[in-house]
Amino acid sequence: MAASLITPETKVKVSSTLDKSVGKKYLTDGSAETCWTSGQGTPQYIQLAFPVPVTPTKVSLTFQGGFVGIRCAIHTRLHSPDQPSEWRFMTHVFPEDVNRRQTFDMSPIPDPPSERTAGAVDQIKLVFEESSDFFGRITVYDLGLEGYTHAAV
(Lines give C-alpha, C1' and ligand atoms only; values in the text may rest on other atoms or scores of the structure.)
Protein backbone atom coordinates (compact mmCIF):
# COMPACT_ATOMS: atom_id res chain seq x y z
CA MET A 1 0.00 0.00 0.00
CA ALA A 2 1.28 3.46 -0.89
CA ALA A 3 2.31 5.68 2.02
CA SER A 4 3.66 9.17 2.55
CA LEU A 5 7.23 9.45 1.26
CA ILE A 6 7.98 12.68 3.11
CA THR A 7 9.57 11.91 6.48
CA PRO A 8 11.60 14.01 8.94
CA GLU A 9 14.71 12.66 7.15
CA THR A 10 13.58 14.00 3.75
CA LYS A 11 15.71 16.97 2.73
CA VAL A 12 13.84 19.90 1.18
CA LYS A 13 15.42 22.52 -1.08
CA VAL A 14 13.64 25.40 -2.81
CA SER A 15 14.60 27.84 -5.53
CA SER A 16 13.90 30.94 -3.42
CA THR A 17 11.97 32.17 -0.40
CA LEU A 18 10.19 35.50 -0.08
CA ASP A 19 11.31 35.81 3.59
CA LYS A 20 11.92 33.66 6.69
CA SER A 21 8.27 33.76 7.78
CA VAL A 22 7.33 31.70 4.69
CA GLY A 23 10.30 29.32 4.48
CA LYS A 24 10.68 25.80 3.11
CA LYS A 25 10.17 24.14 6.51
CA TYR A 26 6.49 25.07 6.27
CA LEU A 27 5.93 22.93 3.15
CA THR A 28 5.77 19.73 5.18
CA ASP A 29 4.86 20.83 8.72
CA GLY A 30 1.21 19.73 8.37
CA SER A 31 -0.18 23.11 9.47
CA ALA A 32 -2.89 24.83 7.42
CA GLU A 33 -1.68 28.15 8.87
CA THR A 34 1.86 28.12 7.44
CA CYS A 35 3.24 28.14 3.90
CA TRP A 36 6.24 28.51 1.62
CA THR A 37 6.23 31.50 -0.70
CA SER A 38 8.85 31.84 -3.39
CA GLY A 39 10.52 35.01 -4.51
CA GLN A 40 9.58 36.61 -7.82
CA GLY A 41 10.24 35.11 -11.24
CA THR A 42 9.86 31.78 -12.97
CA PRO A 43 10.76 29.04 -12.87
CA GLN A 44 10.56 28.21 -9.17
CA TYR A 45 11.12 24.74 -7.75
CA ILE A 46 10.79 22.40 -4.77
CA GLN A 47 13.32 19.58 -4.55
CA LEU A 48 13.06 16.57 -2.23
CA ALA A 49 15.94 14.19 -1.43
CA PHE A 50 15.03 10.88 0.23
CA PRO A 51 17.08 8.86 2.74
CA VAL A 52 16.16 5.61 0.92
CA PRO A 53 15.09 4.91 -2.67
CA VAL A 54 11.41 5.60 -3.37
CA THR A 55 8.86 5.11 -6.14
CA PRO A 56 6.49 8.11 -6.16
CA THR A 57 2.91 7.52 -7.36
CA LYS A 58 0.95 10.66 -6.37
CA VAL A 59 1.78 14.26 -5.57
CA SER A 60 -0.60 16.63 -3.78
CA LEU A 61 -0.32 20.37 -3.45
CA THR A 62 -2.36 23.02 -1.64
CA PHE A 63 -1.70 26.47 -3.09
CA GLN A 64 -2.90 29.94 -2.20
CA GLY A 65 -5.23 30.99 -5.01
CA GLY A 66 -3.60 33.67 -7.15
CA PHE A 67 -0.12 32.26 -6.43
CA VAL A 68 -0.42 28.86 -8.11
CA GLY A 69 2.18 27.03 -10.17
CA ILE A 70 -0.21 26.39 -13.06
CA ARG A 71 2.31 24.39 -15.11
CA CYS A 72 4.58 22.04 -13.17
CA ALA A 73 7.23 19.75 -14.63
CA ILE A 74 8.20 16.81 -12.44
CA HIS A 75 11.78 15.56 -12.73
CA THR A 76 13.48 12.66 -10.95
CA ARG A 77 16.97 11.41 -10.34
CA LEU A 78 17.12 7.66 -10.74
CA HIS A 79 18.60 5.64 -7.93
CA SER A 80 21.99 4.24 -8.84
CA PRO A 81 24.33 2.92 -6.15
CA ASP A 82 27.35 3.08 -8.49
CA GLN A 83 27.17 6.56 -10.00
CA PRO A 84 25.17 9.78 -9.77
CA SER A 85 22.54 10.30 -12.44
CA GLU A 86 21.11 13.33 -14.20
CA TRP A 87 17.64 14.80 -13.78
CA ARG A 88 15.05 13.15 -16.03
CA PHE A 89 11.67 14.53 -17.00
CA MET A 90 8.81 12.41 -15.64
CA THR A 91 5.56 14.26 -16.37
CA HIS A 92 3.72 17.59 -16.34
CA VAL A 93 0.84 18.44 -14.02
CA PHE A 94 -1.44 21.44 -14.40
CA PRO A 95 -2.85 22.68 -11.07
CA GLU A 96 -5.93 24.90 -11.07
CA ASP A 97 -5.80 28.41 -9.61
CA VAL A 98 -7.70 27.43 -6.43
CA ASN A 99 -7.11 27.15 -2.67
CA ARG A 100 -8.00 23.46 -2.25
CA ARG A 101 -5.75 20.40 -2.14
CA GLN A 102 -5.06 19.00 -5.61
CA THR A 103 -3.75 15.48 -6.17
CA PHE A 104 -2.09 14.22 -9.34
CA ASP A 105 -1.18 10.69 -10.40
CA MET A 106 2.41 10.42 -11.51
CA SER A 107 3.19 8.43 -14.63
CA PRO A 108 5.68 5.59 -14.34
CA ILE A 109 9.30 6.45 -14.99
CA PRO A 110 9.88 5.62 -18.68
CA ASP A 111 13.28 3.96 -18.39
CA PRO A 112 13.59 0.18 -18.85
CA PRO A 113 13.79 -1.81 -15.58
CA SER A 114 17.39 -2.82 -16.29
CA GLU A 115 18.44 0.83 -15.82
CA ARG A 116 16.75 1.33 -12.46
CA THR A 117 15.86 -0.44 -9.25
CA ALA A 118 12.10 -1.08 -9.52
CA GLY A 119 11.44 2.58 -10.42
CA ALA A 120 13.38 3.81 -7.42
CA VAL A 121 14.52 7.42 -7.31
CA ASP A 122 16.71 9.35 -4.90
CA GLN A 123 15.25 12.79 -5.57
CA ILE A 124 12.25 14.51 -7.09
CA LYS A 125 12.01 18.09 -8.30
CA LEU A 126 8.78 20.00 -8.93
CA VAL A 127 9.56 22.83 -11.34
CA PHE A 128 6.85 25.49 -11.55
CA GLU A 129 7.30 26.78 -15.09
CA GLU A 130 4.34 29.19 -14.96
CA SER A 131 2.54 30.98 -12.14
CA SER A 132 -0.92 32.52 -11.90
CA ASP A 133 0.78 35.46 -10.15
CA PHE A 134 1.92 38.26 -12.47
CA PHE A 135 5.30 38.38 -10.66
CA GLY A 136 5.84 34.61 -10.77
CA ARG A 137 5.49 33.94 -7.04
CA ILE A 138 4.28 30.55 -5.80
CA THR A 139 2.65 29.90 -2.40
CA VAL A 140 2.25 26.30 -1.19
CA TYR A 141 0.52 25.51 2.11
CA ASP A 142 0.97 21.76 1.92
CA LEU A 143 3.03 19.31 -0.13
CA GLY A 144 2.33 15.60 -0.09
CA LEU A 145 4.01 12.74 -1.94
CA GLU A 146 2.75 9.16 -1.86
CA GLY A 147 4.38 6.01 -3.09
CA TYR A 148 6.59 3.13 -2.04
CA THR A 149 9.93 2.95 -0.25
CA HIS A 150 12.64 0.44 -1.09
CA ALA A 151 15.37 -1.03 1.05
CA ALA A 152 18.63 0.88 0.70
CA VAL A 153 20.77 -0.70 -2.01
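Trainee: Which residues of the largest nonpolar core touch the most other members?

Mentor: First, the idea: nonpolar side chains in soluble globular proteins tend to be buried together. A nonpolar core here is a set of buried Ala, Val, Leu, Ile, Met, Phe, Trp, Tyr and Cys residues joined through side-chain atoms within 4.5 Å. Buried means under 20% relative accessible area, exposed over 50%, partly exposed in between (1.4 Å probe, protein chains only). In this case the core has 29 residues, and Ile-46, Leu-48, Ile-74, Phe-128, Leu-143 and Leu-145 touch the most other members. Strand β4 gives the largest share, seven residues.

Trainee: What kind of model is this?

Mentor: It's a predicted model: local features need pLDDT of at least 70, side-chain atom pairs count only at pLDDT 80 or more, and totals for chains, interfaces and linings use all residues. Residues are numbered from 1 along each chain as its sequence is written, and side-chain values use heavy atoms, with hydrogens and water left out.

Trainee: How many helices and strands does the protein chain have?

Mentor: Helices (H or I, at least four residues) and strands (E, at least two) are DSSP runs, numbered from the N terminus. Here you get zero helices and nine strands.

Trainee: Is Ser-131 buried or exposed?

Mentor: Ser-131 sits in strand β8 and is buried, because its relative accessibility is 15%.

Trainee: Which backbone atom lies 2.7 Å from a polar atom of the Ser-131 side chain?

Mentor: That's the backbone oxygen of Arg-137. The backbone nitrogen of Asp-133 also lies 3.0 Å from a polar atom of that Ser-131 side chain.

How values were computed. A polar contact is a pair of N or O atoms within 3.5 Å; within protein, one must be able to donate a hydrogen and the other to accept it, and residues adjacent in sequence count only if both atoms are side-chain atoms.
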